[in-house]
Amino acid sequence: RFFVDRLLTIQPEGDGLALYAVNDSAEGWAGAVEVTRMSFDGTEHAVHTFELDIAPRTAMCVASLPDDVAKTTDRRTEFVVAQSADERTFWYFALDKDLHYPTPEYETEVVPSSNGAKLTITAGSFLRDVCVFADRLDLDATVDAQLVTLLPGETHEFEITTSKRIRADAFAGPPVI
């Protein structure tokens, strides 16, 4: 995802925040983006929707965010998320070391496949930058995604590929997740 063609980003602008979109693809990018200020427990404090209409090979400011989204009441437990149909970005009001993340809560389901497993993680709490270190069980194992942030109630399926025979439940917790 490091070199994706389309990217949303929230940037500081003056004493507020602005939503930017980068479209490095050869086609235009149009659609709605929902921007929400929320708490790690999933409480939504403010929501605004903006329309994208970005020409190919263009980067632009979509909108300055209104104060009810751009200003926080608790910089340690609130963040902003911007979500389009196919792209998402986060803005945190404090440095990572100063954020008060909740205790991670999640459920897993592992389904073995002929060349590894499918690991589904369902967040019971806010989970930032989830990584699956399948290489801790097999140095040659690969995972199709990393650094996945999940809001409470969201689910993500990770595709794990390995040539070794590994018990499927070994992927379901530490030291893999």
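Author: A salt bridge joins the side chains of Glu-78 and Arg-37, at 2.8 Å from N to O; the term denotes a side-chain nitrogen of Lys or Arg within 4 Å of a carboxyl oxygen of Asp or Glu. The model is predicted, so local features need pLDDT of at least 70 and side-chain atom pairs count only at pLDDT 80 or more, while totals for chains, interfaces and linings use all residues. Residues are numbered from 1 along each chain as its sequence is written, and side-chain values use heavy atoms, with hydrogens and water left out.

The pair links distant parts of the chain, 41 residues apart: Glu-78 lies in strand β6 (residues 78–83) and Arg-37 in strand β3 (residues 29–39). Strands here are DSSP runs of E, at least two residues long, numbered from the N terminus. Glu-78 counts as buried because its relative accessibility is 2%, and Arg-37 is likewise buried, at 8%. Buried means under 20% relative accessible area, exposed over 50%, and partly exposed in between, with a 1.4 Å probe and protein chains only.

The structure holds nine salt bridges. Another of them joins Asp-98 and Lys-97, at 3.3 Å from N to O. Asp-98 is partly exposed, at 27% relative accessibility, whereas Lys-97 is exposed, with a relative accessible area of 68%.

A further salt bridge joins Asp-129 and Arg-128, at 3.6 Å from N to O. Asp-129 is partly exposed at 34% relative accessibility, and Arg-128 is partly exposed at 30%. Through salt bridges that share partners, Asp-96, Arg-128 and Asp-129 belong to one network.

Notes:
Helix = DSSP H or I, 4+ residues; strand = E, 2+ residues; numbered from the N terminus.
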